[in-house]
Amino acid sequence: MTTESTGPAGSAEPTGASGNTTRAWLRERSELGVCVLLFALGVLVLTDALTMDVDIAQRGPIGPRTVPFVVGAGLLLVGALLAVDVLRGGRGEAEGGEDVDLDEPADWRTVLLLTGVFLGAAVLIGPLGFPIAGALLFWGAAYALGSRHHGRDPLIAAGLSLFTYFVFDNLLGVPLPGGPLMGVL
């Protein structure tokens, strides 16, 4: 025989079966899933930082392990603070302030177009180089997101791609594949 009690929202919950009460308790505190994800990412980042090979000559107060330690510790701290807040009764706020109609279905066409553009750029960056693949990426993303200025968008995409290439390749020293334009650029 199951007895029913009124929960915080006034709904009747069976209290005789422990599986149902555990499931209801977890459903009311679903934000704990985000806490678990933050903890897992924090542990992953810290584990990666601890197993990183560091040359003796690179040792010092700030080395290649510093940023992963700070990020991993930050993830663990935010996960712990969020878990405490959720267990004390804190709830995530609904997306009422956003200009999003939650009753409308997802726009899968845009998602699939963007996915195709990103995968296409990843495939084309080797043979065509970053300037061309990046221009196609920027132009395709603008098209997928709704821009229909067929004369202006390719020019902006090409300029943005060349600017990004020069900043990374020349100013930051991060070599990007130039492709067929390597001799020209």
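Me: What sets the expected span of a helix?
Reply: The expected span is 1.5 Å times one less than the number of residues in the helix. Helices (H or I, at least four residues) and strands (E, at least two) are DSSP runs, numbered from the N terminus. In this predicted model, local features need pLDDT of at least 70 and side-chain atom pairs count only at pLDDT 80 or more, while totals for chains, interfaces and linings use all residues. Residues are numbered from 1 along each chain as its sequence is written, and side-chain values use heavy atoms, with hydrogens and water left out.

Me: How many residues does α2 have, and what span does it reach from its first C-alpha to its last?
Reply: Helix α2 covers residues 32-50, which is 19 residues, and it reaches 27 Å, close to the 27 Å expected at 1.5 Å a residue.

Me: Why are the buried residues of α2 said to line one face of the helix?
Reply: Buried means under 20% relative accessible area, exposed over 50%, and partly exposed in between (1.4 Å probe, protein chains only). Leu-32, Cys-35, Leu-38, Gly-42, Leu-46 and Ala-49 are buried in α2. Seen down the axis, they fall within an arc of 110°, so they line one face of α2; the arc is that of the directions from the helix axis to the C-beta atoms. The face turned away from this buried side carries the exposed residues Val-36, Leu-37, Leu-44 and Asp-48.

Me: What puts the buried residues of α6 on the same side?
Reply: Asp-153, Ala-157, Ser-161, Thr-164 and Tyr-165 are the buried residues of α6. Their arc around the axis is only 100°, which puts them on the same side of α6. Exposed on the other side are Leu-155, Ile-156, Phe-163, Asn-170 and Leu-171.

Me: Against which element do the buried residues of α6 pack?
Reply: They pack against α5 (130-144), where contact means heavy atoms within 4.5 Å.

Me: What makes the pairing of Ser-147 with Asp-153 a polar contact?
Reply: A polar contact is a pair of N or O atoms within 3.5 Å; within protein, one must be able to donate a hydrogen and the other to accept it, and residues adjacent in sequence count only if both atoms are side-chain atoms. The side chains of Ser-147 and Asp-153 make such a contact at 2.6 Å. Ser-147 lies in the loop between α5 and α6. Leaving aside neighbours within four places in sequence, Ser-147 is in contact with Ala-142, Arg-152 and Asp-153.
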